[in-house]
2 protein chains.
Amino acid sequence: MGEPSNIVVRVDHLPPPGPIGQDVYAYPAEALVPLQPGEIRVETLFAAVDAGARAMIDPHAAYPMKLRPGNRVPTSAIVGRVVESRNPAFRDGDHVRAFLTVRQRFLVLDPATPHHDVKRVDPADGPLHLHLGALGMTGFTAWLGITEIGRPHGGETVLVSAAAGAVGSVAGQLAKAAGARVVGIAGGTEKCRAVVERFGFAACVDYKSPDFVAALAEACPDGVDVYFENVGGAVQRAAFGLMNVFGRVVLCGQVSGYSGDGAEGGGPDLMIAIGKRLTLRGYLSSDHLAEFPRFEAEMLQRVRDGSVVPSATITGGLTNLHEAVNSLTGGRNIGQQIHQMAD
Amino acid sequence: MGEPSNIVVRVDHLPPPGPIGQDVYAYPAEALVPLQPGEIRVETLFAAVDAGARAMIDPHAAYPMKLRPGNRVPTSAIVGRVVESRNPAFRDGDHVRAFLTVRQRFLVLDPATPHHDVKRVDPADGPLHLHLGALGMTGFTAWLGITEIGRPHGGETVLVSAAAGAVGSVAGQLAKAAGARVVGIAGGTEKCRAVVERFGFAACVDYKSPDFVAALAEACPDGVDVYFENVGGAVQRAAFGLMNVFGRVVLCGQVSGYSGDGAEGGGPDLMIAIGKRLTLRGYLSSDHLAEFPRFEAEMLQRVRDGSVVPSATITGGLTNLHEAVNSLTGGRNIGQQIHQMAD
């Protein structure tokens, strides 16, 4: 019956706010293109679904990347299997990880393109999704925020919002490994339990609880020295109220603002930052790619020695990207949200 | 008729919002106490009136220092004349500057007390009020914000809010001396003119103007690399919108929040700080007193060579502190607001 066709994920239309249906994305079959010398063809097995996935298709979201109908849908990272190679360094059946691709069944990759950072991965290191989470861009973002920006000392209190998520769960584990007492904020009993039991945080407070602000203060009896910020809004304001003098705020993300309903009442009153002499620093991991090899070596060691436990929530079906996006925006994921595109 | 009595400034009552009357402060006569060995008695000539003066007597203001009826009224700095000395290093008629005192006609000071930093000043260096402004705590605050926190490079754009004020006017002149292009924000035509003509800023935008946001953007065609923050509120949000990537925000003060009506719609959305990789840093000059001698030597040189022009608005009358406070909160001062307590 001839060779298999490619399946490309494209935006069908920009949906109204809320959970999205299967028809938001189109999955047209398209012909495979022949490989050029040096290229490889990779069948995508897993693709990362990150915090911006919903905001990219929301015309009202405060998010820098915007998609339109017909656009191919990007992903920060994929893991796949080489099915054809014109590159002597890669063979059929090799597993590879690649950054900054689009979502499609078969990807043509030139391993010489720096931003893809195509790399063979060893299934013996752990589940393949590991390379999209703890060892991928979200793990790198967590590592930068802790080791380069927040720099917690032993005995300090580190507070992490979105603590059950891909970035927060790794950030908290790295802070704990640095000797800090780590407190998480997450939504719901199940996620809070995972933050404490699976990721080893000292405590986790449910932001959906009616006594959230009081419970947060109780969980941080010595105040907060480093706040790892993933969410913005009311959670952010509560965290600012607990900051210690000379505290540091790692501005990693503000998921609450991605939804398009603004910053839920504005940012924190920066008077607090003066009285407490806080340093707030925003960063993007793309500015720090030169640090990636150092991160990778350290994180692989941490995964092997168990000081960082990788975690993922996987939803499957090549034409079911919407389910992975809904899982993420509905706050149902623990660890990295992943879309499984093939077995 | 005996020796002159002391006059002590005390809080009579906490006034409702708005300009204050003379009866807000009481000026009781109190007996002079004998000097102990090492002490000096100083007649206060000038006392600084700083941004927090009104907020200290407003029970609803977001300000850390609160006064109650009966309390003596503090000041960040005074200049006076020695009228009696039991300290061999000071003689009658010497002029001195002292930090962190209370407001009264005659002060008993022990020059060995470190936080007062009692220092003889030379009237040949310039008007005596110079030691309360450019060479005093407000000048020190400006110097720290520019040389330690913001660190503008040559060719960068530095934006200064409350640019006609004691801190802002010095901060802008220091940034200009560092090679930056300096733009001010001030309230009203007269103050904007002073910022450009007297303090040498490249431009100054009137925040009371209906087209403020557009005019600010026009005055900063290359964006803003360092924002020196004195005011908060809507001005702060407009400035954040112009920040360049890797910009620095010097969190020096937020006068708009001192008035007790909150931060005028909340702080800036910190999403901006992530996308632009901003660093925001709050500071208090009291943490950095070890740097004061270095500041003093540099600033005295700058005043002498004319690269910093000191400026003050002086209101007089021993029992007229309320006029100085109203001048400051009404935004009528250019440069350091000073209360003249004796001739």
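View 1. L270(B), M271(B) and I274(B) provide 27% of the area that chain B buries against chain A, more than any other three residues. In this predicted model, local features need pLDDT of at least 70 and side-chain atom pairs count only at pLDDT 80 or more, while totals for chains, interfaces and linings use all residues. Residues are numbered from 1 along each chain as its sequence is written, chains are lettered from A in the order in which they are written, and side-chain values use heavy atoms, leaving out hydrogens and water.

**View 2. Who touches whom.** Here 28 residues of chain B are in contact with 28 residues of chain A (contact means heavy atoms within 4.5 Å).

**View 3. A salt bridge up close.** The interface of chain B and chain A holds two salt bridges (a side-chain nitrogen of Lys or Arg within 4 Å of a carboxyl oxygen of Asp or Glu). D287(B) forms a salt bridge with R277(A), and their closest N and O atoms are 2.5 Å apart.

**View 4. Strands side by side.** Strand β15 (residues 279-282) of chain A pairs with β15(B) in the antiparallel sense over three bridges (strands are DSSP runs of E, at least two residues, numbered from the N terminus; two of them pair if DSSP finds at least two bridges between them). Look for R281(A), which stands opposite T279(B) in β15(B).

Definitions and conventions. Buried area is the accessible area (1.4 Å probe) that two parts lose on being put together, summed over both. Helices (H or I, at least four residues) and strands (E, at least two) are DSSP runs, numbered from the N terminus.
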